[in-house]
Amino acid sequence: MNNSQKLTTPATSFRRTLALWQGLPFDMAREQYAKAVQVGLIERSMLRWAKFERQLDLLEKMTLGPWARRV
């Protein structure tokens, strides 16, 4: 393994970790929505979930800009 490969691996790992930390609030919102559906606070609906997911995805992109996760 040469020096550039040794530097690339930690940098890639750091970027991945940073992306996970930045996305944590949005993942927590998804989890809370799912729990609310499970206990009956929110009606189980694929259409409502899709709308919620689109809105949350837009919020993540607006908040994090170029650092937002992409599928």
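E60 is buried in this predicted model, with a relative accessible area of 2%. The residue belongs to helix 2. Its side chain makes a polar contact with the side chain of R69, at 2.9 Å.

The aromatic rings come next. The structure has three aromatic pairs. In one of them, Y33 and F52, the ring planes lie at 20 degrees and the centres 4.4 Å apart, so the pair is stacked, the cut-off for stacking being under 30 degrees. Y33 is in helix 1 (residues 3-39) and F52 is in helix 2 (residues 46-64), so this pair ties together parts that are 19 residues apart in sequence.

A further pair joins W49 and F52; here the planes stand at 40 degrees and the centres are 5.6 Å apart, so the rings count as tilted. W49 and F52 are three residues apart in helix 2, a separation of about one helical turn. Through ring pairs, Y33, W49 and F52 form a cluster.

| Ring pair | Distance between centres | Angle between planes | Class |
|---|---|---|---|
| Y33 and F52 | 4.4 Å | 20 degrees | stacked |
| W49 and F52 | 5.6 Å | 40 degrees | tilted |

Y33 is buried, at a relative accessible area of 12%, whereas W49 is partly exposed, at 32%.

Key. Residues are numbered from 1 along each chain as its sequence is written. This is a predicted model: local features need pLDDT of at least 70, side-chain atom pairs count only at pLDDT 80 or more; totals for chains, interfaces and linings use all residues. Side-chain values use heavy atoms; hydrogens and water are left out. Rings of Phe, Tyr and Trp (its six-membered ring) pair if their centres lie within 6.5 Å; planes under 30 degrees apart count as stacked, over 60 as edge-to-face and the rest as tilted. Helices (H or I, at least four residues) and strands (E, at least two) are DSSP runs, numbered from the N terminus. Buried means under 20% relative accessible area, exposed over 50%, partly exposed in between (1.4 Å probe, protein chains only). A polar contact is a pair of N or O atoms within 3.5 Å; within protein, one must be able to donate a hydrogen and the other to accept it, and residues adjacent in sequence count only if both atoms are side-chain atoms.
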